[in-house]
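I opened this notebook to keep track of what I looked up, entry by entry, in one structure. The entries follow the order in which I went through the contacts.

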Amino acid sequence: LQGIFVLGLPYALLHSGYSGLFLLILAAALCCYTGKILITCLYEENEDGQLIRVRDSYEDIANACCKKLSPELGGIVVNVTQVMELIMTCILYLVVSGNLLSHSFPYIPVTEKMWFVVAFVTLLPCVLIKTLKTVSKLSQLCSLVHFIIILVVMTYCLTQIHHWSWAKFRLSIEFEEFLVSVGVIIFSYTSQIFLPTLEGNMKSPGEFRCMLNWTHFFACVLKTTFALTAFLTWGEETKEVITDNLPSFLQTIVNLCLLTKALLSYPLPFFAATEIVYSCISRGNNSNYRSQLFALGVRGSFLLLTLLMAMFIPHFVLLMGLTGSVTGAAMTFLLPSLFHLKLKWKKLCFLEKCADISVFILGFLCSLAGMVCSIKGLFKVFG
């Protein structure tokens with residue numbers, strides 16, 4: 001919930017004004033709610049009225065909802081959406097890496113797209129990652145670097161507090177830019193694809209709802225504080241990646257730390273995406289040699305795909321807004337509310353049904369409008 005994409009939130013505030021602050025809080029509340037109802041779908045009551053966990057994953061929930069149409073249709077839809085979101089996340093990390101390298105070494109006569117290739121080469125060892133244990137070690141280092149970056153940016157912003165002015169907030173906003181900001185904010189909260197596995201591995205699953213409340217509360221406080229202080233510091237000059245606003249003596253150091261974080265963050269979504277694809281395609285394949293060779297091919301293909309997409313769409317916020325509007329809204333709002341209505345309809349009270357339907361409609365509208373505006377923005381950038 002506190003990933004590298006918080007660096008795009010000040011820019012989102014630039015284009016959403018005061019409503020952006022409200023959206024940061026609303027998105028946290030809605031994401032927390034849909035996380036809870038998604039986990040509810042993993043359980044069914046037995047004859048004694050006790051809740052029993054009968055499903056293990058997002059895919060299992062989708063298959064249970066679509067079993068009358070096709071036993072595996074729901075799982076296919078969810079897996080495709082999951083892979084899209086994870087791959088788009090990887091592309092974003094690569095875009096950020098290229099952007100940071102070009103800003104850190106402006107005196108080197110190399111284009112930003114060539115920096116993408118440099119970042120790509122450093123990520124080649126990802127094709128050799130076979131277990132989550134390796135990824136977890138990299139993620140630990142990533143968390144440490146993230147803390148240092150946020151601390152440096154916040155400290156600098158607080159030294160500029162005498163320049164802060166609420167007049168920097170826009171009273172009038174452009175609708176299309178606002179909708180892209182909505183996608184950015186939604187994407188910064190997405191975590192639903194990891195929740196079923198997380199809840200299943202908790203020592204006390206009964207504390208899941210409490211854990212979700214507190215994590216989303218603190219994430220909301222931290223995101224809002226960071227975005228607000230950064231925007232109040234730079235106002236209309238706020239850039240897509242907020243570290244680009246730092247003075248030169250800090251920018252290079254922070255950008256290199258941020259580059260390290262982006263590269264260390266890449267393996268987790270990359271590993272998750274390739275594991276989903278590999279497990280779906282290689283079912284029934286009993287040859288260890290062929291399986292290992294195929295797994296290597298899948299990882300290599302995905303790594304190359306992220307490079308090609310990063311070079312084609314090198315715009316951080318537009319890409320983040322598009323991802324949040326399409327896959328983020330689907331996995332966070334649309335599918336959890338739809339699945340909850342489908343599996344628990346007879347047991348839901350009127351207010352719960354209204355809440356699920358409202359979340360679904362809101363998610364659909366945000367997804368559709370944000371997707372259209374993000375695509376229009378990309379077309380405008382490409383002339």
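Which residues does Phe-226 touch, not counting residues up to four places away in sequence? I note before answering that the model is a predicted one. I listed the partners of Phe-226 as Val-6, Leu-7, Pro-10, Ile-150, Val-153, Met-154 and Ile-242.

**Entry on the core.** I then looked up the largest nonpolar core, which has 106 residues, and found Phe-226 among those that touch the most other members.

**Entry on α4 and α11.** The axes of α4 and helix α11, which covers residues 267–281, come within 8 Å and cross at roughly 150°, and I recorded the crossing as left-handed. On the α4 side I wrote down Asn-79, Gln-82, Val-83, Leu-86, Ile-87, Thr-89, Cys-90 and Tyr-93, and on the α11 side Pro-269, Phe-270, Ala-272, Ala-273, Ile-276, Val-277 and Cys-280. By class, I found that this contact of α4 with α11 holds 12 nonpolar residues, three polar ones and no charged ones.

**Entry on α4 and α5.** I next looked at helix α5, residues 112–122, whose axis comes within 8 Å of the axis of α4 and crosses it at roughly 115°. I noted this crossing of α4 and α5 as right-handed. From α4 the contact takes Leu-94, Val-95, Ser-97, Gly-98, Asn-99, Leu-101 and Ser-102, while α5 brings Glu-112, Trp-115, Phe-116, Val-118, Ala-119 and Phe-120. I sorted the residues of the contact of α4 with α5 into eight nonpolar, four polar and one charged.

**Entry on Ala-310.** What does Ala-310 contact, leaving aside its neighbours within four places in sequence? I found Ile-91, Leu-94, Val-95 and Phe-116; Leu-94 and Val-95 of α4 and Phe-116 of α5 also belong to the contact between those two helices. Ala-310 itself lies in helix α12, residues 288–312. I count Ala-310 as buried because its relative accessibility is 0%.

**Entry on α9.** I went back to helix α9, residues 208–234, to look at Thr-224. Is Thr-224 buried or exposed? I have it as buried, because its relative accessible area is 16% and the cut-off for buried is under 20%. A polar atom of its side chain lies 2.7 Å from the backbone oxygen of Cys-220. Beyond its neighbours within four places in sequence, I found Thr-224 in contact with Leu-21 and Leu-24.

Thr-233 is also placed in α9, and I count Thr-233 as buried because its relative accessibility is 11%. Here a polar atom of the Thr-233 side chain lies 2.6 Å from the backbone oxygen of Thr-229. For the spacing in both cases I keep one general point in mind: an α-helix has 3.6 residues a turn, so residues three or four places apart point the same way. Leaving aside neighbours within four places, I listed Cys-157, Gln-160, Trp-164 and Lys-168 as the contacts of Thr-233.

**Entry on His-163.** I followed this region to His-163, in the loop between α6 (132–159) and α7 (175–187). The C-alpha atoms of His-163 and Thr-233 are separated by 6.7 Å, though the two are 70 residues apart along the chain. I recorded His-163 as partly exposed because its relative accessibility is 46%. Its side chain makes a polar contact of 3.0 Å with the side chain of His-162, and, not counting residues up to four places away, His-163 touches Lys-168 and Leu-232.

**Entry on Lys-36.** I looked up Lys-36 in helix α2, residues 18–40. I had to record this lysine as buried, because its relative accessibility is 16%. Not counting residues up to four places away in sequence, Lys-36 touches Arg-209, Leu-212 and Asn-213. From Lys-36 to Leu-212 I noted 7.8 Å, C-alpha to C-alpha, across 176 residues in sequence.

**Entry on α3.** The buried residues of α3 are Tyr-58, Glu-59, Ile-61, Ala-62, Asn-63, Ala-64 and Cys-65.

Technical notes:
Residues are numbered from 1 along each chain as its sequence is written. This is a predicted model: local features need pLDDT of at least 70, side-chain atom pairs count only at pLDDT 80 or more; totals for chains, interfaces and linings use all residues. Side-chain values use heavy atoms; hydrogens and water are left out. Helices (H or I, at least four residues) and strands (E, at least two) are DSSP runs, numbered from the N terminus. Buried means under 20% relative accessible area, exposed over 50%, partly exposed in between (1.4 Å probe, protein chains only). A polar contact is a pair of N or O atoms within 3.5 Å; within protein, one must be able to donate a hydrogen and the other to accept it, and residues adjacent in sequence count only if both atoms are side-chain atoms. Contact means heavy atoms within 4.5 Å. A nonpolar core is a set of buried Ala, Val, Leu, Ile, Met, Phe, Trp, Tyr and Cys residues joined through side-chain atoms within 4.5 Å. Axes are lines fitted to C-alpha atoms, for helices over the stretch in contact, and angles run from 0 to 180 degrees between N-to-C directions. A crossing is left-handed if the near helix is turned anticlockwise from the far one by less than a right angle, and right-handed if clockwise. Ala, Val, Leu, Ile, Met, Phe, Trp, Tyr, Cys and Pro count as nonpolar, Asp, Glu, Lys and Arg as charged, and the others, Gly among them, as polar.
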